[in-house]
Amino acid sequence: MQCSVMTYSFRRTCEKGDMDIFGCIDFCQTHGLEVLEPWNRHLPHAEDNVAWPRQVQQAARNAGVTMGCLAIDGAHIYDDSVAERQKLRDNAYHWLDAAAHCGAPQVRIDAGGPDDMPPAAFEVIVEGFTDLVARAKPMGIAVLTENHWGPTKNPDNTLKLLDAVPELGLLFDSHNWIAERRAEAWAKTAHLAKALHIKTFRFDADGNEVNENLNLCVTRLTEVGYNGVWGIESVPDDGDEAAAVLKTRDLIVRLVGA
């Protein structure tokens, strides 16, 4: 199995100026983490679609680290304003180009829109993802959506969207479902996961996440034969981001091997 680190796991460290994307790559190399999943806000020189992503790709190659899914914020599909939708779509195109140049095989783009996903919003979301999937395919990039915010927190909406756009994949986040439907969502969507965020907040003395039953979540994924990268997205309550990444890695390895 391979583990990846989503660089949002180092959000606070990066905001303080103590780490950047190249520091994230070094961390992966030092700790034997095979895959880096960048958050687009951690990528430098966003106005340049060619030079900076190639620099990031080369640094990762030099470190023996593979580029994973690029998580793109600020490019979601739905907005009430038609003009704003076009800005978001243009931003999505920009980041698809950047992903191609840095060697990311997947991108995550959110659906956006109201939580209840009314028919008019659903139509816009389906059109948008259909467009992005078609644009990304010749680049060798798979487009994923995530149960991140808005309508896709509801597993029924996520299933409806994935059914409507068959080539759209799912970035399965262990946490970001409607809280009271989380276990249900794991059971309903694990078989569709093309990438993962196993999310942790706080650990007990035995190294288990105390907020939810990740053992059950991982069991659901292994039961359906998930064989992709096991993604780490830790957001530690105590602020120790480096330690939380490693504790999450150790927890995943233990649970997958159990």
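## Starting points

A polar contact is a pair of N or O atoms within 3.5 Å; within protein, one of the two must be able to donate a hydrogen and the other to accept it, and residues adjacent in sequence count only if both atoms are side-chain atoms. Helices (H or I, at least four residues) and strands (E, at least two) are DSSP runs, numbered from the N terminus.

Welcome to a predicted model, in which local features need pLDDT of at least 70 and side-chain atom pairs count only at pLDDT 80 or more, while totals for chains, interfaces and linings use all residues. Residues are numbered from 1 along each chain as its sequence is written, and side-chain values use heavy atoms, with hydrogens and water left out.

## Helix H4

Let us begin with helix H4, which covers residues 82–102. At its start, a side-chain oxygen of Ser81 comes to within 3.3 Å of the backbone nitrogen of Ala83. H4 has 21 residues and reaches 30 Å from its first C-alpha to its last, close to the 30 Å expected at 1.5 Å a residue; the expected span is 1.5 Å times one less than the number of residues. After H4 comes Gly103, with a positive phi near 80 degrees.

Some residues of H4 are buried, a word that here means under 20% relative accessible area, with exposed meaning over 50% and partly exposed in between (1.4 Å probe, protein chains only). Among the buried residues of H4 are Leu88, Tyr93, Trp95 and Cys102. The buried residues of this helix pack against helix H3 (51–63), E3, E4, E5 and H5, where contact means heavy atoms within 4.5 Å.

## The sheet

Now for the strands. Nine of them form an open sheet with parallel pairing, in the order E3-E2-E1-E9-E8-E7-E6-E5-E4. Two strands pair if DSSP finds at least two bridges between them. Strand E3 (66–67) and strand E4 (70–72) are the edge strands, each pairing on one side only.

Elsewhere in the sheet, E8 and E9 are joined in the parallel sense by three bridges. Across this pair, Thr200 stands opposite Ser234 in E9.

## Strand E6 and its neighbours

How enclosed is strand E6 (residues 142–146)? Four of its five residues are buried, so the strand is largely enclosed by the rest of the structure. On one hand, strand E5 (residues 106–109) pairs with E6 in the parallel sense over three bridges, and Gln106 has Ala142 as its bridge partner in E6. E5, helix H5 (residues 119–136) and E6 together make a right-handed β-α-β unit; right-handed means that, with the strands pointing away from the viewer, the path from the first strand over the helix to the second runs clockwise.

E6 is also joined in parallel by three bridges to strand E7 (residues 169–173). Thr145 stands opposite Leu170 in E7. From E6 the chain crosses through helix H6 (residues 155–164) to E7, and this β-α-β crossover is right-handed.

## Two glutamates in strands

Glu146 belongs to strand E6. With 1% relative accessibility, Glu146 counts as buried. Its side chain makes a polar contact with the side chain of His197, at 3.3 Å.

## Helix H9

Helix H9 (residues 241–257) has 17 residues, which should span 24 Å at 1.5 Å a residue; the end C-alpha atoms are 24 Å apart, which agrees. Asp240 caps the N-terminal end of H9, with a side-chain oxygen 3.2 Å from the backbone nitrogen of Ala243.

Buried residues of H9 include Glu241, Val245, Arg249 and Leu255. Among the elements that cover the buried residues of H9 are strand E1 (3–6), helix H2 (21–31) and strand E9 (230–234).

## Cysteines

How many disulfides are there? The count is zero, a disulfide being a pair of cysteine sulfur atoms within 2.5 Å. Cys24 is in no disulfide, and the nearest cysteine sulfur, that of Cys14, lies 4.5 Å away. Cys24 counts as buried at 1% relative accessibility.

Cys217 is in no disulfide either; the nearest cysteine sulfur belongs to Cys3, 14 Å away. Cys217 is buried, with a relative accessible area of 0%.
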